[in-house]
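Good morning, colleagues. Please look at the sequence and the structure on the screen, and I shall then take you through the model.

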Amino acid sequence: MSKYRFSHSSIYIDGTDIPKNNLNINSSEEIHEVENLLLSEAYEKFSNQINSASLLDETYFINLHKKTFESLYNFSGLYRDVNMSKGESQFCLAQYLHTESKRIFKELEDENYLADIKDDKALFAKRLAYYQGELIALHPFYELNGRVTRLFCDMLALFNGYKLIDYSHAIDNGAYIEASIECVQYADSSGLEEIISKGLFKYE
Ligand SMILES: Nc1ncnc2c1ncn2[C@@H]1O[C@H](COP(=O)(O)OP(=O)(O)O)[C@@H](O)[C@H]1O
Ligand SMILES: [Mg+2]
């Protein structure tokens, strides 16, 4: 873990929601373009690397964030040390972040990374939604939690013989945020389960 620490406000360029970045980009449009490009390169790279020996543990999750965005952001791969909220939702308090993260990934390991239930699509979707909800409530990074959490769950899907999950409809119509709110505020991942079920398909 790096010795560098960031306060929440120091992540962003003053008066904007654009994170300070190594390319000195200060337009929203441009930063989204670069983030999208890095994310699609990451999807290609990590999808190609997934195999039956892959270990989708906490280090793997953190590395998705780090490897995808380290050319752009200095906070890549670092867990935050400030509390964060969105709307009415308070994410995991910074002081519990590491313990909670270890708890979640230990549970996933104990469930054998969902390999034992992969043939039961409904159950697989339910458990994947549970873990995605836990990571949404954890919200461990300063930024890009949504995209990296879905990238991780997509890699879990690939690892278990499913295609990348299609969230596009739910993200476009706000259902994904509604389902996230239920996860964070009520520990209820049933909305997310419904979204994931609809976008989850086995490789033939
Ligand atoms: N009001 C909210 N309550 C709970 N969770 C939320 C809320 N708004 C957004 N989220 C969750 O936070 C994620 C966005 O976090 P963020 O770090 O900005 O990632 P990204 O930049 O990839 O979208 C969303 O995908 C969603 O899961
Ligand atoms: Mg964001």
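I begin with the ligand: the shell around ligand 1 is made up of five nonpolar, five polar and three charged residues. In that division, Ala, Val, Leu, Ile, Met, Phe, Trp, Tyr, Cys and Pro are nonpolar, Asp, Glu, Lys and Arg are charged, and the others, Gly among them, are polar. What we are viewing is a predicted model, in which local features need pLDDT of at least 70 and side-chain atom pairs count only at pLDDT 80 or more, while totals for chains, interfaces and linings use all residues. Residues are numbered from 1 along each chain as its sequence is written, with chains lettered from A and ligands numbered from 1 in the order in which they are written.

Ligand 1 is surrounded by 13 residues, of which the closest are Gly87, Ser89, Asn145, Gly146 and Ser180; a residue is near the ligand if its C-beta atom, placed from the backbone, lies within 6 Å of it. Which helix gives the most to this shell? That is H8, with four residues. Helices H6 and H8 (175-186) each contribute at least two residues to the shell.

Along the principal axes, the C-alpha trace spans about 50 × 35 × 35 Å.

Of the 204 residues, 33% are buried. A residue is buried if 20 or more other C-beta atoms lie within 10 Å of its own, exposed if 12 or fewer, and partly exposed in between, with C-beta atoms placed from the backbone. Among contacts between residues at least 6 apart in sequence, 64% join residues at least 24 apart; a contact requires that the two C-beta atoms, placed from the backbone, lie within 7 Å.

A word on annotation. In an unreviewed entry, UniProt lists residues 56-198 as "domain: Fido"; its positions are given in the numbering used here, feature names are shortened, and annotations may be inferred rather than shown by experiment. That span is 59% helix and 3% strand, and its end C-alpha atoms lie 23 Å apart.

I return to H6, residues 145-159. Its 15 residues reach 21 Å from first C-alpha to last, close to the expected 21 Å, the expectation being 1.5 Å times one less than the number of residues. Is H6 mostly covered or mostly open, and what lies over its buried residues? Eleven of its 15 residues are buried, and the helix is thus described as mostly covered. The buried set includes Asn145, Phe152, Cys153 and Asp154. The cover includes helices H2 (28-49), H3 (58-69) and H5 (121-138).

Cys153, in H6, counts as buried because 21 C-beta neighbours lie inside 10 Å. Leaving aside neighbours within four places in sequence, Cys153 is in contact with Leu128, Gln132 and Ile165. Its C-alpha is 9.5 Å from that of Phe61, 92 residues away in sequence.

Asn160 touches Leu114, Ala115, Lys118 and Phe124, not counting residues up to four places away. Just after H6, Gly161 takes a positive phi of about 90°.

Two residues other than glycine also deserve mention. Tyr113, in the loop between H4 (97-110) and H5, has a positive phi of about 55°. With 19 C-beta neighbours inside 10 Å, Tyr113 is partly exposed, and its C-alpha is separated from that of Asn160 by 8.4 Å. Ala187, in the loop between H8 and H9 (190-198), has a positive phi near 50°. Ala187 is exposed, with 11 other C-beta atoms within 10 Å.

Finally, H9 has buried residues Gly191, Leu192, Glu193, Ile195 and Ile196, and their cover includes H5, H7 (168-172) and H8. Thank you.
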